[in-house]
Amino acid sequence: MAEVDDERQLCEAAAKGDTERVKALIASGADVTYFNDDGFTSLMLISSNPYSTPVLHGTHSHLPIYQQETKMPLTYRYLLTELTFECIGIQAELILGTIARKENKVGDLDGEYLQDRVSFSEDKLMDAESKAVMMAWEKPLMEAHAKAICSRGGHILNIGFGMGLVDTAIQQYGPVTHTIVEAHPEVYKRMQASGWTEKENVKVVFGRWQDVLPQLESYDGIFFDTYGEYYDDLREFHQHLPTLLKPGGIYSFFNGLCGGNAFFHVVYCQLVSLELESLGYSTQLIPLPVKDCLGDEVWEGVKHKYWQLDTYYLPVCESSEDTE
């Protein structure tokens with residue numbers, strides 16, 4: 001309980017712009033990845049407070065995107081974007097890696113979700129805490145992801161079935177094979193009941209992707225969209241792309257990182273792009289307007305609004321050699 005209190009105090013101090021208090025709590029071990037009841041971390045809150053004190057400069061290569069997504073004054077937007085790789089004394093490597101699961105404090109979120117009951121309705125899939133795993137408003141995004149990863153034809157892999165939105169769209173392109181990895185037992189049972197395991201060109205693999213890697217092959221298109229995992233899980237999956245993705249193949253993922261905060265969403269877009277670049281992949285971010293899909297009624301009964309931005313940036317990744 002004391003640890004959780006530290007995290008709550010950290011978020012409260014960040015919201016108030018109390019930089020010194022934030023630094024002290026972080027130094028004492030408070031977890032910067034903790035989400036408060038409103039769905040914000042201390043880093044999100046400190047970045048959106050005009051009275052917080054920046055320390056180091058970073059990059060502003062995504063400033064136009066950030067300007068488009070926030071209504072804050074230009075000078076402040078520029079200042080925040082300058083903070084990309086260090087905010088209130090936190091090193092870039094913390095944002096890249098330590099902004100991730102601390103198993104001795106946070107626990108195994110993925111494991112907790114897989115043991116929880118989930119509920120299905122026509123427009124959403126919810127976990128036991130009334131947080132949305134997937135929602136129907138994402139359908140146009142999933143269709144766009146499917147179009148991208150199926151553009152080269154061949155063999156397709158999707159990690160995370162959810163409501164089946166992207167897999168339904170993938171089927172419309174008639175892939176040679178369509179492999180789906182799903183880890184939640186209730187979602188898997190629903191897949192069986194709805195006939196997915198009987199489709200001629202579909203192979204359903206039940207289990208966490210980390211555990212079933214030996215059962216996977218190489219693919220012409222890959223999509224990654226899991227629930228209950230962290231940014232470091234996404235980064236870990238990227239380490240397997242050279243084996244899983246065929247030369248000339250297309251990779252994409254649900255780009256929901258910090259979807260409630262424009263500044264940190266841009267930071268994450270930049271960091272993921274740089275990480276993939278280090279692995280030999282170039283990333284194109286395609287803007288898709290979503291404002292009209294997100295009326296207040298969409299979130300009725302949902303505990304956390306996981307997406308609050310006007311534009312979704314769909315990542316299309318391919319080998320840098322293929323783009324030369």
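1. In this predicted model, the largest nonpolar core has 31 residues, and Met135, Trp137, Met142, Trp299, Tyr306 and Trp307 are the members that touch the most others in it. At least two core residues come from each of strand S3, helix H8 (139–149), helix H9 (165–171) and strand S10 (311–319). H8 is the top contributor, with five residues. As background, nonpolar side chains in soluble globular proteins tend to be buried together.

2. What does tryptophan 307 touch, leaving aside residues up to four places away in sequence? Its contacts are Trp137, Asn255, Gly256, Gly259, His265, Val290, Leu294, Trp299 and Tyr312. Trp137 and Trp299 are also among the core members named above.

3. An open sheet is built from three strands in the order S1-S2-S3, with antiparallel pairing. Strands S1 (119–120) and S3 (132–135) are the edge strands; each has a single partner strand, so one side of each has no neighbour in the sheet.

4. On one side of the sheet order, S1 and S2 (residues 124–126) are joined by two bridges, and serine 119 lies opposite methionine 126 of S2. S2 is linked to S3 by three bridges, again antiparallel; here leucine 125 faces methionine 134 of S3 across the pair.

5. S2 and S3 make a hairpin, with five residues between the strands. In the turn, serine 130 has a positive phi of about 65 degrees.

Terms used
Residues are numbered from 1 along each chain as its sequence is written. This is a predicted model: local features need pLDDT of at least 70, side-chain atom pairs count only at pLDDT 80 or more; totals for chains, interfaces and linings use all residues. Side-chain values use heavy atoms; hydrogens and water are left out. Two strands pair if DSSP finds at least two bridges between them. Helices (H or I, at least four residues) and strands (E, at least two) are DSSP runs, numbered from the N terminus. A nonpolar core is a set of buried Ala, Val, Leu, Ile, Met, Phe, Trp, Tyr and Cys residues joined through side-chain atoms within 4.5 Å. Buried means under 20% relative accessible area, exposed over 50%, partly exposed in between (1.4 Å probe, protein chains only). Contact means heavy atoms within 4.5 Å.
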